[in-house]
Amino acid sequence: MPRIGEDLTSYLREGMMPTVWCPGCGHGNIFRAIAESFRQLNLDPSRIAVLGGIGCSGRTPFYFNTNAMHTTHGRVLAFATGLKLANPRLTVIVAMGDGDALAIGAGHFVHAARRNIDVTAILYNNSIYGMTGGQEAPSTPLAFRSTTSPFGNIEPAFDTVELAMAAGATYVARTTTFDFDDMPRYISEAILHPGFSVVEILSQCPTYFGRLNQLGDAPELLKYERSQTFLAENTPLLTKAEMVGKRPLGVFRNEIRPEYTKEYAKLCQAHGGTYHA
Ligand SMILES: Cc1ncc(C[n+]2csc(CCOP(=O)(O)OP(=O)(O)O)c2C)c(N)n1
Ligand code: SF4
């Protein structure tokens with residue numbers, strides 16, 4: 001991750017700043033990591049499209065000096081699918097909230113994974129609906145409070161990694177905003193991967209999740225993230241007690257299978273069409 005002085009500005013739409021995000025919001029950390037991946041890969045901004053749905057996370061495309069689409073809540077992968085099919089040479093990046101991806105957009109999420117379309121979905125998982133005031137999401141952990149579950153959540157949370165792999169995503173990784181150097185590493189791998197890639201990033205929402213659950217401010221939430229996770233590669237070194245209730249971090253799948261736009265091109269060419277992926 002670049003430190004002070006290293007230049008990410010060619011990827012930033014500085015006229016749109018400051019961002020809408022609250023001080024200490026993890027979405028800013030993720031935004032920075034995405035910009036760093038673009039720099040590491042030396043991507044041409046005119047060849048990138050960043051798409052977002054609705055929500056705090058959905059504001060991400062506003063701040064990148066790339067092609068951008070601000071779409072509707074839960075439907076961003078449908079827009080991304082159309083865009084990638086229309087111009088397969090674009091690097092398509094989707095910024096999704098956990099509400100966006102796992103609640104209203106869950107159908108689009110599993111079908112994009114099943115098709116294995118070459119899109120990178122970055123799932124900003126702050127365990128809550130941020131923009132609309134801290135309501136419970138399918139990612140809110142058991143017993144945790146939100147504005148719609150003031151006595152504690154009684155619904156088990158989805159495991160994004162398990163869901164993405166079961167649906168057929170071909171690159172699946174999870175990290176946290178605490179793991180500042182792993183974010184751009186996984187995002188870069190996901191961008192280079194020729195298929196549907198999911199990078200789940202556990203992120204902090206101090207304004208709602210942190211406050212409603214009395215977990216403290218942003219630095220304390222980062223420590224909380226660390227306490228709730230472990231590196232999957234360390235599993236042989238850990239006892240069951242050290243892992244129970246915690247989420248593993250790392251790359252869980254990185255495999256190749258036929259990609260949707262390439263398969264579509266083959267079909268078109270076999271029937272006299274001119275589509276090229
Ligand atoms: C069809 C539709 N339903 C509901 C909403 C209201 N809405 C806007 S953002 C949001 C939740 C955002 O939560 P999440 O996707 O987790 O993103 P975050 O704000 O936490 O980044 C909701 C319910 C909407 N804009 N459109
Ligand atoms: S409400 Fe939460 S998710 Fe939204 S900008 Fe503020 S801290 Fe971030």
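The legends below describe close-up views of a predicted model.

**View 1. The residues surrounding ligand 1.**
Ligand 1 is surrounded by 17 residues. The closest of these are Cys56, Ser57, Gly99, Asp100 and Gly130.

In the side chain of Ser57, an N or O atom is found 2.9 Å from an oxygen atom of ligand 1. Gly99 approaches through its backbone: one of its backbone N or O atoms is 2.9 Å from an oxygen atom of the ligand. Ile128 also places a backbone N or O atom 3.3 Å from an oxygen atom of ligand 1. Considered alone, ligand 1 exposes 590 Å², of which the protein buries 73%.

**View 2. Glu200 and its setting in strand S6.**
Glu200 belongs to strand S6, which covers residues 197–202. Glu200 counts as buried because its relative accessibility is 1%, and buried means under 20%. Leaving aside residues up to four places away in sequence, Glu200 touches Leu123, Asn125, Thr160, Val161, Ala173, Arg174, Thr175 and Arg247.

**View 3. Side-chain polar contacts of Glu200.**
The side chains of Glu200 and Asn125 are joined by a polar contact of 2.7 Å. With the side chain of Arg174, the side chain of Glu200 makes a polar contact of 3.0 Å.

Conventions: Residues are numbered from 1 along each chain as its sequence is written. Chains are lettered from A and ligands numbered from 1 in the order in which they are written. This is a predicted model: local features need pLDDT of at least 70, side-chain atom pairs count only at pLDDT 80 or more; totals for chains, interfaces and linings use all residues. Side-chain values use heavy atoms; hydrogens and water are left out. A residue is near a molecule or strand if one of its heavy atoms lies within 4 Å of it. A polar contact is a pair of N or O atoms within 3.5 Å; within protein, one must be able to donate a hydrogen and the other to accept it, and residues adjacent in sequence count only if both atoms are side-chain atoms. Accessible areas come from the Shrake-Rupley method with a 1.4 Å probe; for residues, only the protein chains shown count as cover. Helices (H or I, at least four residues) and strands (E, at least two) are DSSP runs, numbered from the N terminus. Buried means under 20% relative accessible area, exposed over 50%, partly exposed in between (1.4 Å probe, protein chains only). Contact means heavy atoms within 4.5 Å.
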